[in-house]
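Here are my notes on the model, point by point. Have the coordinates open as you read.

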Amino acid sequence: MKITCLLLDDDPLVLDLLQAYVAMTDILDVKAAFTDPLDAHKYLLENRVQVLFSDVTMPHLSGIDLVRSLQHPPLVVLMTSFPQYAMEGFNLDVIDFLLKPISLDRFLKAVNKVAGILRTSTTEPDAQADALTGRGSFFIRTDAQFVRLHYREVLYIEALKDFTKINTADGRTHLTLVNLKNLEEQLPPGLFVRTHRSYLVNAARIESVSNLEVKVGGHALPLGQTYRERVTERIVNRSLIRRQH
């Protein structure tokens, strides 16, 4: 199935080049192409596409402001001649940032990134079951790349202001610009449990629970009073071997 996209650049020659590149991919379906960002904005309010390829510097509305104005933007690939906009693009969690003049191989690399993300985010019949048993996976963005993590390898996730640090069983850590609350909301319910305002723990990895801490992968993490009853009920009581009377 082809990936639907919208092309936006105020230079018609760039649009022609992108159209030519798209024709070489055989996986993109251009639903619309605009030179005016206001026209693109109106189209996106009324129609859905999977990815937006947008110039950054345009009259009336920049590509960055366009993305910010959308409540549910598609995946975004930004294009510009000015590399200083890359950080703003990163803060918007764009998929890729293409510097002009855009070469075919660099364009195809961006398309492959988009295809990979859409492929892994597609809900399959057993996706939720896989997640709950730890067999599934998810992507995070770290620096300028996307990293796949399997649920079963994550020990715990730690809040660091606007970032979170994901700690895995093999001792690696991954820092991503997503706060803990947002990350928790996007992970499968039931797989992770909040043990403290700063910690989210893989429930299947918990080794012991006391009044003050939980142990996971040899790490002692604080157990907040607010979360103690919930952790005890979900993790301990459901599988506790009890004495027979």
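**Notes on the model**

1. Let's begin with Leu45, which sits in helix H2; helices here are DSSP runs of H or I with at least four residues, strands are E runs of at least two, and both are numbered from the N terminus. With a relative accessible area of 57%, Leu45 is exposed (exposed means over 50%, buried under 20%, partly exposed in between, with a 1.4 Å probe and protein chains only). Gln71 is 26 residues away from Leu45 in sequence, and their C-alpha atoms are 9.1 Å apart in space.

2. Some housekeeping before going on. This is a predicted model, in which local features need pLDDT of at least 70 and side-chain atom pairs count only at pLDDT 80 or more, while totals for chains, interfaces and linings use all residues. Residues are numbered from 1 along each chain as its sequence is written, and side-chain values use heavy atoms, with hydrogens and water left out.

3. The overall tally: the protein has eight helices and 15 strands. Of its 245 residues, 41% are buried. The accessible surface is about 14,100 Å², and carbon and sulfur atoms account for 50% of that (Shrake-Rupley method, 1.4 Å probe; for residues, only the protein chains shown count as cover). Taking contacts between residues at least 6 apart in sequence, 48% join residues at least 24 apart, where contact means heavy atoms within 4.5 Å.

4. Back to H2, which spans residues 37-46. Which of its residues are buried? They are Pro37, Ala40, Tyr43 and Leu44. These four lie on the same side of H2 because they cover an arc of only 115° around the axis, the arc being that of the directions from the helix axis to the C-beta atoms. On the face turned away from that buried side you'll find Lys42, Leu45 and Glu46, which are exposed.

5. What covers the buried residues of H2? The cover includes strands E1 (3-8), E2 (28-34) and E3 (51-55), along with helix H3 (63-69). At the N-terminal end, Asp36 caps H2, with a side-chain oxygen 2.8 Å from the backbone nitrogen of Leu38. (A polar contact is a pair of N or O atoms within 3.5 Å; within protein, one must be able to donate a hydrogen and the other to accept it, and residues adjacent in sequence count only if both atoms are side-chain atoms.)

6. Setting aside neighbours within four places in sequence, Thr4 is in contact with Asp29, Lys31, Val49, Gln50 and Val51.

7. Now the five-stranded sheet: it is open, runs E10-E9-E8-E12-E11, and pairs antiparallel (two strands pair if DSSP finds at least two bridges between them). Strands E10 (173-176) and E11 (192-196) are the edges, each pairing on one side only. From one strand to the next the twist averages 20°; axes are lines fitted to C-alpha atoms, for helices over the stretch in contact, and angles run from 0 to 180 degrees between N-to-C directions. E8 (154-160) and E12 (199-202) are joined by three antiparallel bridges, and Tyr156 has Val201 as its bridge partner in E12.

8. There is also an open sheet of three strands, ordered E13-E14-E15 and antiparallel. Its edges are E13 (206-209) and E15 (219-222), each of which pairs on one side only. Neighbouring strands of this sheet are turned by 25° against each other on average, direction ignored. E13 and E14 form a hairpin with three residues between them; three bridges join the two, and Ile206 has Val216 as its partner in E14. Four bridges link E14 (213-216) to E15, with Val214 partnered by Leu221 in E15.

9. Finally, some backbone geometry to check. The peptide bond from Lys100 to Pro101 is cis, with omega near -5°, and Pro101 is in the loop between strand E5 (96-99) and helix H5 (104-121). His60, not a glycine, has a positive phi of about 75°; it is found in the loop between E3 and H3 and is exposed at 67% relative accessible area. Lys161 also has a positive phi, near 55°. Lys161 sits in the loop between E8 and strand E9 (163-168), and its relative accessibility of 81% counts as exposed.
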